[in-house]
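Thanks for coming. Please bring up the model, and we'll walk through a few spots.

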Amino acid sequence: MERQIIRINNIKCKPNDGLDVIRKKISKLLMLAKDDFVFEIAKRSIDSRHKPDIMYIYSVNVLEVSKKSLESVMKKVKDKNVLLTKKVYYELDDYKKDKIELSEEERPVIIGFGPAGLFAALNLSRLGLRPIVYERGLEISKRREKVNTFWNGGALDTNCNVQFGEGGAGTFSDGKLNTQIHETTGRISYVLKTFVEHGASDEILYVNKPHIGTDVLAKVIVSIRQEIIANGGEIFFGTKLEKINLVKNEEARQVDSIELRDLSTGKIFTKNAKRVVLAIGHSARDTFEMINDLGICMEPKPFAVGVRVEHKQELINYNAYGEAVNNPKYNLPTADYKVTYQSTCTGTKRGVYSFCMCPGGYVVNASSEENALAVNGMSYSSRAGENANSAIIVTVTPEDFGDGVLSGVAFQRKLEGAAYRAGNGKIPVQLFEDFCNGVKSTSFGKVTPNTKGETNMANLKEVLPEYLTDCLVEGIHGFNRYIKGFDNGDTLLLGVESRTSSPVRIIRNENLYSINAKGLYPCGEGAGYAGGITSASVDGIKVCEAIAKELLN
């Protein structure tokens, strides 16, 4: 659905200005009384180019004007930052038809309850299609207990950890919601609005780089789960997909049933199903192997690997805001960054870039397999931790790791095994100066690790191949031109960051099901169609639409 609006861009305000200041500026631009219009903030970004003078830059949507049309208001306006345009709203009701009663085998089945599975299930439930969800990990409360036990030195549960369980890998992250996909259908706004409806701050609707934080995100996910159940959906935790059974019809193979293991009892049971959404996440390597053995069409895809870097958050704040960080009138957000660099040291151009930056956050042990170690970043909603951390990564392609369907998985496992050995089972950590010199660190400088999970001093050059370590050294030095102090010798590197995205893509057609298994819907990040919470959620919505068109039309 489209709605006509007046968009006003480039409204500049001080960080301590309130909505009344924005309203006054709108009033002046449109030549209207302050109470004669309804508006919403569409976007807010920070302009720190002239620090310590920091400005917030707003875009707003004027939705209606008292006793006037928007066209008549625009006739008097000559400012290039004011334009008459349209806003797209996503309407799930577009897919609703007469209510139908589905047989048990017609009910959509969703494997995985990360962002993609979450939104596929939510929208299917809102359409009355009573989805059934199976998730190998546990619900958030029990999952948190498992993860905290592991971080405190206990055993790793390979089915319930930072990667697997309610909410997916994003549950133990910064809850970052910015995305590289573009808003053309209203789906992104719908995702953000849904999060707000279930407890997130409404700031995520307009800030330039929205985030929720792991603590708030967990509560939001539980609330969404409760809505799904209230709508007639069912969710089973501790239940792992073991096999997909296909039958051959006149046209192609068709999903007929799935076999699942109840992890609490070890018993396997069969569920008849014609439509299965495969929202398995980027770390479901055993599932990749199973569907590859079935002959489901897959292909290797590029992904990125590298390390987590930690700096003092005060260093990042000062680079972003200068002396404005000491202005008591400003309540500036904890600063983040995004940096990129083109490395040439290996004779091949390779991009080195930051990913999943976590202001005031923690580096977490995100392992999901025995004798292997991977790290990720996590922040609470307050972003109040002492350190900033970010993945600094380099893209790798099948030319680097081999063109076999699962060669990328093997490459990840090789790196994670090396990281586990280097850290003696704990997160390996090294000062940047020592990394450059290829020697194991023996003591910390100004930065000490802020982690969830124990650390050990190590030499990360023993973990990553030389062409990647050379790129990282060049890139980190290169980032210093943007962030002074980025390449300080006591900057910390922790490894290995290997789960940035899925190493495979499960190929699907224009109807969003597998090109050689009708009724099997690869979905989200694990299937190779998303990269992050928001884009995975959007892909879950798209798969819901495809199923709804088939069932309701």
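Leaving aside its neighbours within four places in sequence, which residues is Ser514 in contact with? They are Ile296, Ile507, Arg508, Asn509, Leu520 and Pro522, where contact means heavy atoms within 4.5 Å.

Some ground rules. This is a predicted model, where local features need pLDDT of at least 70, side-chain atom pairs count only at pLDDT 80 or more, and totals for chains, interfaces and linings use all residues. Residues are numbered from 1 along each chain as its sequence is written, and side-chain values use heavy atoms, leaving out hydrogens and water.

Back to Ser514. It sits in the loop between β23 (504–506) and β24 (520–522); strands are DSSP E runs of at least two residues, helices H or I runs of at least four, numbered from the N terminus. Ser514 is buried, at 1% relative accessible area. Buried means under 20%, with a 1.4 Å probe and protein chains only.

Next, strand β22, residues 492–497. Six of its six residues are buried. Strand β13 (303–312) runs antiparallel to β22, with four bridges. Strand β19 (427–431) is also antiparallel to β22, with three bridges. Strands pair if DSSP finds at least two bridges between them. Look at Leu493 in β22. Val309 is its bridge partner, and Gln430 stands opposite Leu493 too.

Last, two helices. The axes of α5 (187–197) and α13 (533–552) come within 9 Å and cross at roughly 110 degrees. Axes are lines fitted to C-alpha atoms over the stretch in contact, with angles from 0 to 180 degrees between N-to-C directions. So α5 is roughly perpendicular to α13, a label for 65 to 115 degrees.

How values were computed
Parallel < 35°, antiparallel > 145°, perpendicular 65-115°, else oblique. Buried < 20%, exposed > 50% of the residue type's maximum accessible area, 1.4 Å probe, protein only.
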